[in-house]
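Please look over the sequence and the structure below before reading on. The notes that follow are grouped by topic.

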Number of protein chains: 2
Amino acid sequence: MGTDLDSVFAALADPTRRAILSMLLEDDMAVTDVAEPFEMSLTGISKHLNILAQAGLITQERRGRVKWCKLDPDALRDASIWMQGFGQFEAVNLDAFERFLAAEISAAGMEAEEP
Amino acid sequence: MGTDLDSVFAALADPTRRAILSMLLEDDMAVTDVAEPFEMSLTGISKHLNILAQAGLITQERRGRVKWCKLDPDALRDASIWMQGFGQFEAVNLDAFERFLAAEISAAGMEAEEP
DNA sequence: CGCATAGTCAACCGTCCGGTTGACTATGGC
DNA sequence: GCCATAGTCAACCGGACGGTTGACTATGCG
């Protein structure tokens, strides 16, 4: 519904919006608080938030007079899955992934281990 | 250089361009051949290809009078990595990934095998 | 009640985007 | 040499985008 790739990728194509997502990664925030670190009008930020919400990347819940913004990674996952279709060949098996894989394999070899 | 997230995500935000990438996934193609299935002028497709190239998603090599377009997944990988920062929780492609992982692990167990 | 705070709405502005057409430049086949 | 093929360039068009300002609504505080 709000998860079509067009709007998701379009939403991600703006550095301000990506920065907002990064901020929301740490904690839910009110619109005004989101706007604070940016040199931009509150209206401008509000628009960006609407775009993110419409793309399904965040959800917004009004509580009293403050509107809380919360990251919603589902849409991101959809986009990520689409992208991984291209990575399968050779992108996937790079450095980080290979190390992760090696760790996983050796872990499977020694059976069970919980830090 | 051509790998900033702005241009990559912007390039991905168009359905025609995503379709082109999918086509190039199967094989390298000449500009005219890329254009063929679309109801759009050759110039239009050429522009899309330039946008993809500038984003680093494809490379173009001119051989004779035909310009070959080739998928270049590196830029996609960068974007994918950025996105996975948000997916850490649960994202990374469950099903397909887990099956791949299981196959990889069992393959590692039986040591060597080249089709 | 009165005022500050949180946020939206509507209008506007300049710029970029997706797409077209028409003219143009190469390269290749006969 | 001639013509078809491959592709680009430049100009143009409507519409969307990023951003601003000013007026407005609504909730909370004292």
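How do the residues of the surface near DNA strand D divide into nonpolar, polar and charged? Six are nonpolar, eight are polar and eight are charged. The model behind these values is a predicted one.

**Chain A as a whole**

- Chain A contains six helices and three strands.
- Along the sequence, these elements come in the order α-α-β-α-α-β-β-α-α.
- Chain A has 115 residues, and 36% of them count as buried.
- If we take the contacts in chain A between residues at least 6 apart in sequence, 51% of them join residues at least 24 apart.

**Confidence in chain A**

- The average pLDDT of chain A is 79, and 72% of the residues score at least 70.
- Over residues 89–115 of chain A, pLDDT stays under 50.
- For that stretch, residues 89–115, the model has 18 contacts beyond four places in sequence.
- Where pLDDT is low, the predicted coordinates should not be read in detail.

**Helix α1 of chain A**

- Helix α1 of chain A runs over residues 5–12, and its buried residues are A:Leu5, A:Val8, A:Phe9, A:Ala11 and A:Leu12.
- These residues lie on the same side of α1(A), because they cover an arc of only 160° around the axis.
- An α-helix has 3.6 residues a turn, so residues three or four places apart point the same way.

**DNA strand D**

- DNA strand D is surrounded by 22 residues, and the closest are A:Lys47, A:His48, B:Thr32, B:Ser46 and B:Lys67.
- Sugar or phosphate accounts for 64% of the atoms of DNA strand D within 4 Å of the protein, and the rest belong to bases.
- Two side chains of chain A can be named at phosphate oxygens of DNA strand D: a polar atom of A:Ser41 lies 2.9 Å from one, and an N or O atom of A:His48 is 2.3 Å from one.
- At a base of DNA strand D, an N or O atom in the side chain of A:Arg65 is 2.9 Å from a base oxygen.
- The elements that give two or more residues to the surface near DNA strand D are α4 (42–54) of chain A and, from chain B, α3 (31–35), α4 (42–54) and β3 (66–71).
- Among these elements, α4(A) gives the most, with five residues.

**DNA strand C**

- Around DNA strand C there are 22 residues, and A:Thr32, A:Ser46, A:Lys67, B:Lys47 and B:His48 are the closest.
- Of the atoms of DNA strand C within 4 Å of the protein, 64% are from sugar or phosphate, and bases supply the rest.
- A phosphate oxygen of DNA strand C lies 2.3 Å from a polar side-chain atom of B:His48.
- The elements that give two or more residues to the surface near DNA strand C are α3 (31–35), α4 and β3 (66–71) of chain A, together with α4 of chain B.
- With five residues, α4(B) gives the most to this surface.
- The residues of the surface near DNA strand C divide into six nonpolar, eight polar and eight charged.

How values were computed:
Residues are numbered from 1 along each chain as its sequence is written. Chains are lettered from A and ligands numbered from 1 in the order in which they are written. This is a predicted model: local features need pLDDT of at least 70, side-chain atom pairs count only at pLDDT 80 or more; totals for chains, interfaces and linings use all residues. Side-chain values use heavy atoms; hydrogens and water are left out. A residue is near a molecule or strand if one of its heavy atoms lies within 4 Å of it. A polar contact is a pair of N or O atoms within 3.5 Å; within protein, one must be able to donate a hydrogen and the other to accept it, and residues adjacent in sequence count only if both atoms are side-chain atoms. Helices (H or I, at least four residues) and strands (E, at least two) are DSSP runs, numbered from the N terminus. Ala, Val, Leu, Ile, Met, Phe, Trp, Tyr, Cys and Pro count as nonpolar, Asp, Glu, Lys and Arg as charged, and the others, Gly among them, as polar. Buried means under 20% relative accessible area, exposed over 50%, partly exposed in between (1.4 Å probe, protein chains only). The arc is that of the directions from the helix axis to the C-beta atoms. pLDDT is the predictor's confidence in each residue, from 0 to 100. Contact means heavy atoms within 4.5 Å.
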